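I opened a new notebook page for a structure I had not looked at before. Here is the model, so that you can follow along with me.

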Amino acid sequence: MAVAVARARSVSAPTYLRLATASGVALFLVITSGAFVRLTGSGLGCENWPSCGDKPYPEQGFHAFVEFGNRMVALVGIVLTLLTWLASRRVHGLSRGGRWAALGAFLVAVAQIPMGGITIALDLHPLAVMTHFLLGLTAFGLAVIAAFEAWSLRDGLAPAASPAWLRWIVTVLGLPACIALVVTGAVATASGPHPGSSDDVERLGLGIVDTVYVHVRVAAAFGIGALVVGVVLWRIRQRYPGLFRLWAGLLLVLVGQAIVGEVQYRNALPWGLVLVHVILAAAIWAFSLALAFALWRPPRPLTRQ
């Protein structure tokens with residue numbers, strides 16, 4: 001009887017994979033909608049928090065609806081991460097790391113709620129906005145790991161990729177370089193003119209030329225490192241073709257990001273291009289984290305042609 005009840009309450013691996021994937025997609029949309037709020041100058045569209053003016057919902061105004069919309073997207077992300085974590089406790093065979101990743105994604109997503117309130121209380125100070133953005137990327141990254149663990153649970157786990165030094169290089173050097181790339185990009189964005197508002201929005205006070213100079217050189221170093229990793233992955237593509245495809249996706253996004261970054265800088269930062277730049281930055285983070293994680297714990301489909 002107890003066994004039958006336990007089975008009835010358990011969650012299947014395919015169902016859990018769908019939940020984990022939905023959480024990742026939702027958290028990616030949270031980042032996108034948050035960037036849209038910032039770039040359209042709608043960050044104070046709702047004058048207070050957690051309500052929107054005198055009521056919990058916006059009554060009128062474009063900026064209020066944009067800000068409130070972001071809150072609703074974030075709420076969906078939190079609910080999905082909660083469901084994913086609860087489901088992870090009822091999935092037989094899921095690794096401990098998979099459960100911790102699901103819990104971490106939920107907790108960090110929840111942490112964005114008070115951070116949003118702090119950001120509004122500080123009148124959108126750029127450091128608060130950056131912290132809000134980086135928390136979103138952290139939650140998204142944990143959701144990516146949870147989804148990969150769910151994928152491995154459903155389709156099987158392959159042995160770690162070799163050579164071993166490649167795993168360590170990508171993890172110890174590649175991921176910190178990616179973090180540096182994202183952070184310097186956020187600093188450059190917070191140092192230049194606000195592209196979506198004609199108001200006098202507070203900036204970091206750093207020179208845009210200097211911050212872009214640093215960001216571009218970090219991007220160049222990251223790009224060179226990615227090419228080196230690609231050479232090694234090409235050599236082991238017969239054993240791990242999926243890893244090479246992951247790397248190819250990363251390279252494609254990197255090239256697109258470089259083009260968008262150059263065009264936006266030379267055209268006075270039109271907010272639409274800046275939004276694309278932020279979306280591509282989140283994609284670079286996801287691809288980099290997925291590649292580093294899959295080198296250690298590759299889902300079996302990554303070993304198939």
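Below are my entries, in the order I looked things up.

**Ground rules**

I noted that this is a predicted model, in which local features need pLDDT of at least 70, side-chain atom pairs count only at pLDDT 80 or more, and totals for chains, interfaces and linings use all residues. Residues are numbered from 1 along each chain as its sequence is written, and side-chain values use heavy atoms, with hydrogens and water left out.

**The overall fold**

I began with the secondary structure and found 9 helices and 0 strands in the protein chain. Helices (H or I, at least four residues) and strands (E, at least two) are DSSP runs, numbered from the N terminus. Along the sequence the pattern reads α-α-α-α-α-α-α-α-α.

The protein chain has 305 residues, and 46% of them count as buried. Here buried means under 20% relative accessible area, exposed means over 50%, and partly exposed lies in between (1.4 Å probe, protein chains only).

I also looked at contacts, meaning heavy atoms within 4.5 Å. Among those between residues at least 6 apart in sequence, 77% join residues at least 24 apart.

**Two helices, end to end**

I compared helix lengths with the expected span, which is 1.5 Å times one less than the number of residues. H5 has 30 residues and should span 44 Å; its end C-alpha atoms are 43 Å apart, which agrees. After H5 comes Gly156, with a positive phi near 100°.

H8 has 26 residues and reaches 38 Å from its first C-alpha to its last, close to the 38 Å expected. Just after H8, Ala268 also has a positive phi, of about 60°.

**The nonpolar core**

How many residues does the largest nonpolar core have? It has 69, and those with the most contacts inside it are Tyr16, Phe148, Leu233, Leu243, Leu246 and Ile284. H2, H3, H4, H5, H6, H7, H8 and H9 each supply at least two residues of this core, and H9 gives the most, with 16 residues.

Leaving aside neighbours within four places in sequence, Leu246 is in contact with Phe148, Phe287, Ala290, Leu291, Ala294 and Leu302. As background, I wrote down that in soluble globular proteins nonpolar side chains tend to be buried together.

Ser88 is in helix H3 (residues 62-88). Is Ser88 buried or exposed? Ser88 is buried, because its relative accessible area is 0%. Not counting residues up to four places away in sequence, Ser88 touches Tyr16, Leu94, Arg99 and Ala102.

Thr32 is in helix H2. Thr32 has 18% relative accessibility, so Thr32 counts as buried. Beyond neighbours within four places in sequence, Thr32 is in contact with Leu275 and Ile279.

Phe28 lies in helix H2. With a relative accessible area of 24%, Phe28 is partly exposed. Setting aside residues up to four places away in sequence, Phe28 touches Phe140, Ile279, Ala282 and Ala283. Phe28 and Ala286 are 258 residues apart in sequence and 9.5 Å apart in space, C-alpha to C-alpha.

**Cavity and pocket**

For my last entries I used a 1 Å grid over the protein atoms alone: a cavity is a set of points where a 1.4 Å probe fits but cannot get out, a pocket is an open set with protein on both sides within 12 Å along at least five of seven lines, and lining residues have an atom within 4 Å of a point. Grid points are joined across faces, edges and corners, and a volume is the space filled by probe spheres set on the points.

I found 1 cavity of 30 Å³ or more. The largest cavity has a volume of about 40 Å³, and its lining residues are Ala20, Ser23, Thr81, Thr84, Ala102, Ala105, Ala143, Ala146 and Ala147. The largest share of this lining, 3 residues, comes from H5.

The second largest pocket has a volume of about 290 Å³. Of the 20 residues that line this pocket, the closest to its centre are Val170, Gly174, Gly225, Ala226 and Val229. H6 gives the most to the lining of the second largest pocket, with 8 residues.

Definitions and conventions. A nonpolar core is a set of buried Ala, Val, Leu, Ile, Met, Phe, Trp, Tyr and Cys residues joined through side-chain atoms within 4.5 Å.
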